Amino acid sequence: MEAVVKIENLVKRYGDLVALDHFNLEIMEGEVFGLLGPNGSGKSTTIHCLLSLLQYDKGDIKVFGEEMKPDSYHLKKDIGVIMQNVAVFNTLTVEENIDYFCGLYVSDKEERKKLVEEAIDFVELKDFRKFYPKKLSGGLLRRLNIACGIAHKPKLIILDEPTVAVDPQSRNNILEGIKRLNQEGATIIYTTHYMEEVEQICTRIAIMDKGKCIAVGTKEELKNMVKTGETIQVEIPSLTEENLKEIQQLPHTYKMNYENGVLKVQYTKGKHNLIHLLDYFREKDIVFGRVTSELPTLNDVFLEITGKELRDRS
């Protein structure tokens, strides 16, 4: 595979604020690449620099193996951008909007007509082609926004929070559409605040914080970077201080919390943690209720690496 995007030592300052601090990133052809980070981490700045919409202080950006410049229109024609804020014309119908945006890249009318039809079918807006945007639901409007960005068949597609404020059915349609775009050959850069979406569609993920890329890898590789291996929760009406001290000494235990009759124990990567805990309860004749065991999620990874919740908007 070849690198579709290669960013090296990128620095972007806004006065005294360093938005990107020697940022490095490489995205390979055919990936669905998740770009994650709390607000203020530098995600939007990275995308704007990548598209050469922002001047940066230092660094190199290559797209499709060539340096990206403001006038690199031969590169930009192969990029599709779908930003978080829907950007369509309210005075044009669904079909007219898609035709307009496709026309920015494709001048041949017959070719454009074919591409517009394919885009309408792709986002399943055939029954709404004559509707104006104000008549569409939030989910349909998002799909129109995607169609406008992908109608010209770009090789690289950037999607910034495409499922914000849409219903579950529309979200599933959008995610399935993204997977189909990838299967048809597009490389995807995907930003979101929803970890379950990243788990579902991304082949590789970068976690950003304070303008730096602090972790990158597949879901499995990221989960192996953190201390948390397994979390066990037990509904248990009463535990003594002595019980808690002894549980803390069980193999692989590194963090524990007991509140409102619920014991939560976090373990490192050891095996048989649940067996050790249940054996202890039987040995001490401790009555317990429902037991759940969870392996680490990407949200656990994100929280441990950055100390922040991904959906924390503050």
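Q: Rings of Phe, Tyr and Trp (its six-membered ring) pair if their centres lie within 6.5 Å; planes under 30 degrees apart count as stacked, over 60 as edge-to-face and the rest as tilted. Which residues do ring pairs link into a cluster?
A: This is a predicted model, where local features need pLDDT of at least 70, side-chain atom pairs count only at pLDDT 80 or more, and totals for chains, interfaces and linings use all residues. Residues are numbered from 1 along each chain as its sequence is written, and side-chain values use heavy atoms, with hydrogens and water left out. The cluster linked by ring pairs consists of Phe89, Tyr100 and Phe101.

Q: What is the angle between the planes of Phe89 and Tyr100?
A: A search of the whole structure finds 6 aromatic pairs. Phe89 and Tyr100 form an aromatic pair, 5.0 Å centre to centre. This pair is edge-to-face, and the angle between the planes is 85°.

Q: How many residues apart in sequence are the parts that this pair ties together?
A: Tyr100 lies in helix H3 (residues 94-103), a helix being a DSSP run of H or I with at least four residues, and a strand a run of E with at least two, numbered from the N terminus. Phe89 lies in the loop between strand S6 (79-82) and H3, so the pair ties together parts whose separation in sequence is 11 residues.

Q: Is Phe89 buried, exposed or partly exposed?
A: Buried means under 20% relative accessible area, exposed over 50%, and partly exposed in between (1.4 Å probe, protein chains only). The relative accessibility of Phe89 is 36%, and that of Tyr100 is 39%, so Tyr100 counts as partly exposed. By its own value, Phe89 also counts as partly exposed.

Q: What is the distance, centre to centre, between Phe128 and Phe131?
A: Phe128 is partly exposed because its relative accessibility is 24%, and Phe131 is partly exposed at 33%. Their rings form an edge-to-face pair with 75° between the planes. Centre to centre, the distance is 5.3 Å.

Q: Is Thr45 buried or exposed?
A: Thr45 is found in helix H1 (residues 43-50). Leaving aside neighbours within four places in sequence, Thr45 is in contact (heavy atoms within 4.5 Å) with Lys12, Tyr14, Ala19, Leu20 and Leu54. Its relative accessibility is 11%, so Thr45 counts as buried.

Q: Which residue takes a positive phi in the hairpin of S9 and S10?
A: Strand S9 (residues 204-209) and strand S10 (residues 212-217) run antiparallel and are joined by 5 bridges; two strands pair if DSSP finds at least two bridges between them. The bridge partner of Asp209 in S10 is Lys212. The hairpin has 2 residues between the strands, and the residue with a positive phi near 55° is Lys210.
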